[in-house]
Amino acid sequence: RFVAELVVASVRVARIAVQPGFRPRSAIIAVPLRVRSDLNLALTAELVSLVPGTLILEVDRESGVLYLHVLDVRRPQDLADNRARVREIERRIVRTIGSADEVRQVHTDHVEKENNS
């Protein structure tokens, strides 16, 4: 799944780079993570930074917030989509290596978000 996201993002950034006259808009967003462990913060930040078009600017360990620079933001929904993408990466990491309580926490938040959609 991550490889697919990586390919899609790479193609998108390449298109932006070669499209004549196109000036992408970028944004800086804060993404609060649900699990504040150092391992989760580090792994989530690492995977997010591997995706072309995103760059980790800062990690706030105290509050568990990642600050990212994102490329090609055209509408407010793009900001929400980028936050959701980061939180999905976090969810997959926690499901893989998290404790039972952490898995429940991200699963509960994920289910609540789906029900509100």
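Let's start with the pocket: 14 residues line the largest one, and Ala9, Arg12, Val51, Asn82 and Arg85 sit nearest its centre. Keep in mind that this is a predicted model. The space inside that largest pocket comes to about 250 Å³. Two elements, α1 (2-18) and α3, each give two or more residues to the lining. Sorted by class, the lining has six charged residues, five nonpolar and three polar.

Helix α3 also has a partner in α2. The axis of α2 (residues 38-50) comes within 9 Å of the axis of α3 (residues 76-97), and the two cross at roughly 130 degrees. Angles from 65 to 115 degrees would count as roughly perpendicular and those over 145 as roughly antiparallel, so α2 and α3 are oblique to each other. As for handedness, the crossing of α2 past α3 is right-handed.

Who touches whom? On the α2 side, the contact is made by Leu39, Asn40, Leu43, Thr44, Leu47 and Val48, while α3 brings in Val86, Ile89, Glu90, Ile93, Val94 and Ile97. That contact between α2 and α3 has nine nonpolar residues, two polar ones and one charged.

Here are the two sets of residues by class:

| Set | Nonpolar | Polar | Charged |

Key. Residues are numbered from 1 along each chain as its sequence is written. This is a predicted model: local features need pLDDT of at least 70, side-chain atom pairs count only at pLDDT 80 or more; totals for chains, interfaces and linings use all residues. Side-chain values use heavy atoms; hydrogens and water are left out. Axes are lines fitted to C-alpha atoms, for helices over the stretch in contact, and angles run from 0 to 180 degrees between N-to-C directions. Helices (H or I, at least four residues) and strands (E, at least two) are DSSP runs, numbered from the N terminus. Angles under 35 degrees count as roughly parallel, over 145 as roughly antiparallel, 65 to 115 as roughly perpendicular and the rest as oblique. A crossing is left-handed if the near helix is turned anticlockwise from the far one by less than a right angle, and right-handed if clockwise. Contact means heavy atoms within 4.5 Å. Ala, Val, Leu, Ile, Met, Phe, Trp, Tyr, Cys and Pro count as nonpolar, Asp, Glu, Lys and Arg as charged, and the others, Gly among them, as polar. On a 1 Å grid over the protein atoms alone, a cavity is a set of points where a 1.4 Å probe fits but cannot get out, and a pocket is an open set with protein on both sides within 12 Å along at least five of seven lines; lining residues have an atom within 4 Å of a point. Grid points are joined across faces, edges and corners, and a volume is the space filled by probe spheres set on the points.
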